[in-house]
Amino acid sequence: MPGLNRRDTTLFLIVIALLVFAPFILNPFPEDSGLARFNAGYPDLMQRFVIFGIFAIGFNILFGLTGYLSFGHAAFLGAGSYAGVWMMKLLTVDVVPAIIASVIVAGLFSLAIGYICLRRTGIYFSILTLAFAQMSFALAYSVLTPITAGETGLQLSLADPRILEGMNDSGTIPATNFFGIPMRSGFEWDIGGWVFTFNFGYYLCAAIMLAAFYISIRIFRSPFGMMLRAVKSNQQRMNYTGLNPRPYTLAAFVISGMYAGLAGGLMVAVDPLAGAERMFWTASGEVVLMNILGGAGTLVGPILGAGVIKYFENIFSRLNEADLSQLFSFLPEWLESALVTIAQMFVGDGWLLTLGAMFMAVVIFLPGGIVEGGQRIHTWLRRKPEKKDDTSAAPAATAGE
Amino acid sequence: MGILEVKGVNKNFGGLKALDDVNLDIEEGTVHAIIGPNGAGKSTLLNTLIAKLVPDTGTITFQGQSLLGLKAHEINQIGVCRVFQTPEIFPDLSVLDNVMIPTYAKQQGAFKLNPFAAVNKDSEIQDRAHGVLKDVGLMERKDFESGSLSRGDKRRLELAMALAQDPKLLLLDEPTAGMSRADTNNTISLLKEISETRGITKVVIEHDMHVVFSLAHKISVMAQGHVIVHGKPEEIKGNPKVQDAYLGGAHL
């Protein structure tokens with residue numbers, strides 16, 4: 001890839017392959033098998049994987065590089081969503097103006113909030129961002145109802161002006177599309193018990209995530225990225241090195257805000273509905289978890305973290321007792337019922353318990369997240385063959401004598 | 001007129017007079033040492049020069065420009081660079097990155113948004129950083145995480161960071177404290193060499209008289225926030241006021 005070294009190019013190609021073949025990779029179990037519940041290869045979830053991947057990649061530019069922990073990034077995601085729906089109401093249901101507007105609006109919004117919050121560092125910065133995001137949430141629910149539609153959420157309606165579109169006599173709200181290709185269009189491939197779904201909306205989001213990922217790699221390898229790392233390492237020292245950390249942190253804040261806006265815009269592009277709960281603090285906390293779980297400050301970590309969390313949220317939360325007894329049905333009955341009793345605390349509504357336990361395990365044993373886990377396995381696998389070589393070399397030498 | 005002029009600077013911490021009407025005149029191209037017992041106000045004086053502290057009264061001018069009211073990074077950008085007493089580095093970054101950061105600061109100013117430039121393709125910056133690392137003898141360690149260096153190496157790294165910026169005025173706060181005799185001698189010869197080849201003006205705070213007398217062209221002696229004597233090394237050596245200050249005579 002232009003501008004990337006060999007290692008980064010390899011990483012980028014792996015991510016491309018994963019995204020392109022996601023419908024296969026995420027659907028490993030045949031449709032009629034008991035394990036089909038663990039399949040994640042349906043459009044809605046695949047879209048969520050890549051959209052939250054974008055959100056997490058952007059957040060990593062702020063949190064992973066500069067160390068500034070924002071608890072308010074969901075506000076930018078929400079602002080992007082509202083801007084996107086408004087573009088679709090006012091201009092056209094083509095998603096392009098909506099996505100562009102969501103990035104710009106979120107960028108301006110994060111510029112204003114970042115300018116104020118970045119006057120403080122550490123816990124005070126986190127609290128300020130949290131306060132602003134909760135204010136945005138409350139405003140969206142109450143005072144700003146004319147813009148946000150409050151509790152019902154902002155959605156398209158037949159009466160919308162849509163000034164860039166011709167007369168609409170069909171009596172239905174037109175579907176969101178990309179230059180005429182509907183976002184929900186696609187096809188299913190039924191082969192030997194497996195059903196693979198290919199969805200246009202997913203592939204558009206995946207292509208945009210690749211672009212976002214590419215930009216993030218370039219930022220990581222640029223002098224700008226080096227300065228952001230310097231902020232995390234020793235911000236005081238930067239001043240005495242002739243560098244002004246404020247505009248660097250603000251730029252990182254705005255870039256990550258624009259990524260959040262992009263994610264919000266894509267959410268409404270695939271499903272044109274924006275609600276205030278998208279700005280709630282738990283949504284901001286979720287992206288922090290994604291980063292830490294995957295490995296903050298690494299290139300690919302946030303994507304992995306987003307994938308794992310969204311998988312648990314959507315798959316584990318849907319399992320019930322019957323699924324569990326089916327899963328453990330090969331065991332003797334007393335053991336099966338015992339396991340089901342224990343395991344059902346961790347599925348269904350209890351999926352947050354699974355997530356919490358996993359998060360604690362990662363923070364305690366793998367502070368570098370999933371990426372660190374991967375690296376440890378990698379070095380462990382590499383060391384093993386060398387040891388084997390040593391032992392096999394020794395007998396060979398004696399045999400030679 | 002010198003490159004740096006300090007006139008009538010006072011600084012109080014509560015009731016304590018940390019700096020009491022301090023005057024200094026540093027000539028361009030010289031090494032000016034500031035010595036004095038602990039608590040004499042040497043580091044406080046250096047802190048006022050780089051906007052780490054704001055003096056209560058007095059003026060500080062660098063090349064005819066007042067430094068008061070400028071921010072720390074602005075002072076650095078006009079050519080005043082400080083090496084700290086306890087090593088101040090970017091501990092999580094590699095040794096090479098630590099030197100590249102000030103090199104970039106010199107080349108592109110206090111802020112530049114260049115997210116699409118590639119660090120590893122910028123051969124000018126790379127060469128410069130490598131050159132400075134060679135000068136201080138840290139070239140073999142360039143890929144180490146700088147936080148893992150020994151204290152002496154951290155100090156050398158900090159010196160490299162300052163040299164990468166090619167400052168006009170270099171402020172050194174006890175550059176050899178905590179170093180072995182051999183390292184001290186290396187540092188002295190390095191500082192001497194850069195004085196001669198690059199002509200950087202230096203202000204050195206130092207306790208080690210061996211270092212002071214082998215480097216300095218001029219010496220100011222401070223005691224209790226006050227500069228008690230200015231002079232050439234040979235004048236300072238025999239001065240009774242200085243001996244009083246060091247032997248506690250000032251308290252009598």
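Modeller: A term before we start: two strands pair if DSSP finds at least two bridges between them. And note that this is a predicted model.

Biologist: Fine. What order do the strands of the open sheet in chain B have?

Modeller: The order is 2-1-4-5, four strands with antiparallel pairing.

Biologist: Which strands stand at the edges?

Modeller: Strand 2 (16–26) and strand 5 (65–66) of chain B. Each has a single partner strand, so one side of each is left without a neighbour in the sheet.

Biologist: And how many bridges join strand 1 and strand 4 of chain B?

Modeller: Five, in the antiparallel sense, between residues 4–13 and residues 57–62. One pair of bridge partners is Asn10(B) and Thr57(B), the latter in strand 4.

Biologist: Which strands does helix 1 of chain B touch?

Modeller: Helix 1 (residues 42–49) packs on the sheet against strand 1, strand 2 and strand 4 of chain B. Its direction makes about 65° with that of strand 2.

Biologist: Switching to the interface. How many residues of chain A are in contact with chain B?

Modeller: 25 residues of chain A, against 31 residues of chain B.

Biologist: Which helix of chain A gives the most?

Modeller: Helix 9, with eleven residues. Helix 8 (200–220), helix 9 (223–239) and helix 10 (245–270) each supply at least two.

Biologist: How do the residues on that side of chain A divide?

Modeller: Eleven nonpolar, nine polar and five charged.

Biologist: Now chain A overall. How many helices and strands?

Modeller: 16 helices and six strands. The radius of gyration is 24 Å, close to the 21 Å from the globule rule for 401 residues, so chain A is as compact as a globular protein of that length.

Biologist: What share is buried?

Modeller: 44% of the 401 residues in chain A.

How values were computed. Residues numbered from 1 in each chain as written. Chains lettered and ligands numbered in written order. Predicted model: local features only at pLDDT ≥ 70, side-chain atom pairs only at ≥ 80, totals over all residues. Contact = placed C-beta atoms within 7 Å. Nonpolar A, V, L, I, M, F, W, Y, C, P; charged D, E, K, R; others polar. Axes fitted to C-alpha atoms, helices over the stretch in contact; angles between N-to-C directions. Rg over C-alpha atoms; globule rule 2.2 N^0.38 Å. Buried ≥ 20, exposed ≤ 12 C-beta atoms within 10 Å, placed from the backbone.
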